[in-house]
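Hi everyone, and thanks for coming. Let me put the sequence and the model up on the screen, and then we can walk through the fold together.

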Amino acid sequence: PALAASGFADINDATKVPHVKPSVRTEAYAKFLASDVPRAFALAPSGAWAWRSGLDAVDVAMARCQKNAASTCSLYAVDDRVVWKVRDR
């Protein structure tokens with residue numbers, strides 16, 4: 001089943017992507033937005049991130065993110081929806 005939009009941000013608003021460096025917002029996230037669906041963008045509070053377009057986009061993005069993360073990765077965006085939710089601290 002498709003993940004529902006969380007309402008956190010518009011998919012095209014790179015300024016809302018949390019935890020990552022500004023260069024990731026302007027470069028990597030822009031490439032993610034320009035890619036074909038299916039696609040997924042994952043990130044972690046530690047600043048780790050990854051994205052993937054194509055088959056198994058969600059699984060591959062999460063695995064790549066987790067490989068570089070000091071904390072747990074979460075999906076930020078899938079296809080044309082922001083699915084990230086602010087977690088309680």
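**A short tour of the fold**

The structure holds one salt bridge, meaning a side-chain nitrogen of Lys or Arg within 4 Å of a carboxyl oxygen of Asp or Glu. Before I show it, a word on what you are looking at. This is a predicted model, where local features need pLDDT of at least 70 and side-chain atom pairs count only at pLDDT 80 or more, while totals for chains, interfaces and linings use all residues. Residues are numbered from 1 along each chain as its sequence is written, and side-chain values use heavy atoms, with hydrogens and water left out.

Now, which residues make the salt bridge? Arg 39 pairs with Asp 80, and their closest N and O atoms are 2.7 Å apart. The two come from distant parts of the chain, 41 residues apart: Arg 39 is in strand β1 (residues 39-43), and Asp 80 is in the loop between β3 (74-78) and β4 (81-82). When I say helix or strand, I mean DSSP runs numbered from the N terminus, with helices being H or I of at least four residues and strands being E of at least two.

Arg 39 is buried, at 4%, whereas Asp 80 counts as exposed, at 51%.

Let's move to the sheet. Four strands form an open sheet in the order β2-β1-β3-β4, with antiparallel pairing. The edges belong to β2 and β4, each having a single partner strand, so one side of each is left without a neighbour in the sheet. Two strands pair here if DSSP finds at least two bridges between them.

Going across, β1 and β2 are joined by five bridges, and our friend Arg 39 has Ser 53 as its bridge partner in β2. The hairpin of β1 and β2 has five residues between the strands, and Gly 47 takes a positive phi near 100° there.

On to the next pair: β1 and β3 share four bridges. Ala 40 has Val 78 as its bridge partner in β3, and Phe 41 has Ala 77. Where does β3 sit, buried or exposed? Five of its five residues are buried, so β3 is largely enclosed by the rest of the structure.

Finally, β3 and β4 pair over two bridges, with Val 78 opposite Arg 81 in β4. Their hairpin has two residues between the strands, and Asp 79 takes a positive phi near 55°.

Next, the helix. Helix α1 covers residues 22-34, which is 13 residues, and reaches 18 Å from its first C-alpha to its last, close to the 18 Å expected; that expected span is 1.5 Å times one less than the number of residues. Around Ala 28 there is a kink of about 25°, where the bend is the angle between axes fitted to the seven residues ending there and the seven starting there. Ala 28 is also among the buried residues of α1, together with Val 24, Tyr 29 and Phe 32. What covers these buried residues includes β1, β2 (49-53) and β3.

One last stop: the disulfide, a pair of cysteine sulfur atoms within 2.5 Å. Cys 65 is joined to Cys 73, with S to S at 2.1 Å. The link is left-handed, with -85° about the S-S bond, and both cysteines, Cys 65 and Cys 73, are buried.

Terms used: Buried < 20%, exposed > 50% of the residue type's maximum accessible area, 1.4 Å probe, protein only. Contact = heavy atoms within 4.5 Å.
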